[in-house]
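Reader: I'd like to learn how to read a structure like this one. Could you walk me through a few features?

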Amino acid sequence: NYLSSSDSENFSIVKGATTTVVTINGGPFGYTGLAQTPATVTVTGAGGLSLTPTADYTDNTNAGTATASYTYEATANYLSSSDSANFTIGKAVTTTTVTVNGGPFTYTGSAQTPATVTVTGAGGLSLTPTADYTNNTNAGTATASYAYAGDANHEASSDSENFTIGKAITTTVVTISEGPFAF
């Protein structure tokens, strides 16, 4: 009763949208000398797209502002998306230690310099600078000290120790010449 017929219509399937989210976990962050990688990344999209790729980082080793980011590149079925988040890496604490070695100390007329200094901190900071002294020549209380100014990755620190310089022993010699002595 009927003749055959046909028809067709083209339609487009557009790429699905994606959402990339970078999240910074933990903190606060302090300088350690190592790259810090606290971010997680999720990429989601239609059709069950669910990825957890590794973030890309810039400036994430030294103290200052670091960035974690990720860009999901477009595919045959999905559009690209990207996100980034900043985090701060703070300066590390340092420890300055002044140690007075030896003693007791006695007046000699010369400056006495018995102290050693160490400055330590994260990332391998290990210094042995020379101590600064006050009142270290004459008898009395002397001080050995050091103040580390800090640097781009480390906070300042200082320490001081007192030590005593005792009075020198004197010897008095009385010489008696040979006589005659009259009484």
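Predicted model: local features only at pLDDT ≥ 70, side-chain atom pairs only at ≥ 80, totals over all residues.

Reader: How do I read a sheet, and in what order do the four strands form it?

Author: Start with the terms: strands (E, at least two residues) are DSSP runs, numbered from the N terminus, and two strands pair if DSSP finds at least two bridges between them. Here the order is β2-β7-β6-β5, in an open sheet with mixed pairing. The edges belong to β2 and β5 (56-58), each with a single partner strand, so one side of each has no neighbour in the sheet.

Reader: Which way do the paired strands run, parallel or antiparallel?

Author: You get both. Strand β2 (residues 29-30) runs parallel to β7 (residues 81-90), joined by two bridges. In that pair, Phe-29 stands opposite Ile-89, and Gly-30 stands opposite Gly-90. Strand β6 (residues 64-72) is antiparallel to β7, with nine bridges; Thr-65 stands opposite Thr-88 there.

Reader: Where are the cis peptide bonds?

Author: Look at omega. It is about 0° between Gly-27 and Pro-28, a cis bond, and Pro-28 sits in the loop between β1 (18-24) and β2. The bond from Gly-103 to Pro-104 is also cis, with omega near 0°, and Pro-104 is in the loop between β8 and β9 (105-106).

Reader: Which residues other than glycine have a positive phi?

Author: Asp-59 is one of them, with phi near 55°, in the loop between β5 and β6. Asn-135 has phi near 55° too, in the loop between β12 (132-134) and β13 (140-148).

Reader: Is Asp-59 buried or exposed?

Author: Buried means under 20% relative accessible area, exposed over 50%, and partly exposed in between (1.4 Å probe, protein chains only). Asp-59, at 59%, is exposed, and Asn-135, at 58%, is exposed as well.

Reader: What does Thr-97 touch?

Author: Contact means heavy atoms within 4.5 Å. Leaving out residues up to four places away in sequence, Thr-97 touches Thr-116, Val-117, Thr-118 and Asp-159. Thr-97 lies in strand β8 (residues 94-100) and is partly exposed, because its relative accessibility is 33%.

Key. Residues numbered from 1 in each chain as written. Heavy atoms only, no water.
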